[in-house]
Amino acid sequence: MPHPPHLNMPVLHVARHDYAALNHQLSVREALDNIRQQGLGERIIYFYVVDDEQRLLGVLPSRRLLTAPLDERLVDLMDGSVISIPEQASILQACQLLIQRRFLALPVVDPQGRLCGLVDIALLNEEKYDLRQRDQADALFETLGFHVAQVGNASPMWAFRLRVPWLLATIASGTACAVLASLFELTLAKSLVLAFFLTLVLGLGESVSMQSMSVTIQALRSVRPDLAWYLRCLRHEIPTALLLGTTCGGLVWLIVWLWRDEVWTGLVIGGSILLSLCAACLLGLSVPTVLHALKLDPKIAAGPVTLAVTDICTLLFYFSLAAWLL
């Protein structure tokens, strides 16, 4: 679902102009005199230090200005690693930067680096609720395979046309899983416990894949993925998958052993959980990334594709281990 149109407007449209800009050559005493003469804006959080051409040089927190020696120069007190936002950036980008950096305010600069406005936490408070509500609703429906905006006011036939392809994809993957299971009838006949835990194993794989997919889709909204980004994410996902798989697999193995006294069957189920959760994390990261690279909408197609492939991989691990060890 697209964001409200006004969020795509340049941030300069909502920037405040009652910021406090102080020349870098001033001392603290001169700066305080300057502030008394010019007055302060409605909400002063930071003082911004500029040169003679109004180019932004640094930021000076109010507390530091008020507690510094009067003869200290602002250029020696300021923080030169100031983060600003260009005037052509959108309101949405300003909100995202305020959230990511946890700043109370951000200076707005023109292409020459001159200070031309200010956005503060008040902007975020105005937009945050609407963005959060929209993102939550959007994420829910995107997982199912369509946009909220597409079905909100659609006719029954149009809604059917939008939704049925993804249901057919689910039916196709379910049929493939059924055919795959039928190839292991003899394996299932050796241990009825395998059938008892089949739903649990599939459910764990689907849950983990959807968790990883949701995190990846969220990340893809704010980054341009490349191989280095993918490898960094992979290095994060692999240990997570191993921890999840070992914990869940070990717990289920213990349940099977205590309940049915079948150590090897429990080992098969626990081992397949470990393998399937590792595959689920990998798929949850890889499928949205590949779809993004192919210029397809990962928010729409990733859910059905990830679930389908995860189910097939889970069954392959489950029955292959059972056929090998039982």
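Which helix gives the most to the nonpolar patch? Helix H11 does, with six residues; more on that in point 3.

1. **Ground rules.** This is a predicted model, where local features need pLDDT of at least 70, side-chain atom pairs count only at pLDDT 80 or more, and totals for chains, interfaces and linings use all residues. Residues are numbered from 1 along each chain as its sequence is written, and side-chain values use heavy atoms, with hydrogens and water left out.

2. **The overall picture.** You'll find 13 helices and six strands in the protein chain (DSSP runs numbered from the N terminus: H or I of at least four residues for helices, E of at least two for strands). The chain has 326 residues, and 40% of them count as buried (under 20% relative accessible area; exposed is over 50%, partly exposed in between, with a 1.4 Å probe and protein chains only). Its accessible surface is about 17,900 Å², with 62% belonging to carbon and sulfur atoms (Shrake-Rupley method, 1.4 Å probe; for residues, only the protein chains shown count as cover).

3. Helices H9 (192–196), H11 (227–260) and H12 (263–293) each give two or more residues to the patch. Leu254, in H11, is partly exposed at 34%.

4. **Ser209, tucked into H10.** Ser209 sits in helix H10 (residues 198–220) and is buried, with a relative accessible area of 0%. A polar atom of its side chain lies 2.8 Å from the backbone oxygen of Glu206. Leaving out residues up to four places away in sequence, Ser209 touches Ala280, Gly284, Thr306, Leu307 and Thr310 (contact means heavy atoms within 4.5 Å).

5. Strands E2 (residues 46–50) and E3 (residues 56–61) run antiparallel and are joined by five bridges; strands pair if DSSP finds at least two bridges between them. Val49 has Gly58 in E3 as its bridge partner. Five residues lie between the two strands of this hairpin, and Gln54 in the turn has a positive phi of about 70 degrees.

Key
A polar contact is a pair of N or O atoms within 3.5 Å; within protein, one must be able to donate a hydrogen and the other to accept it, and residues adjacent in sequence count only if both atoms are side-chain atoms.
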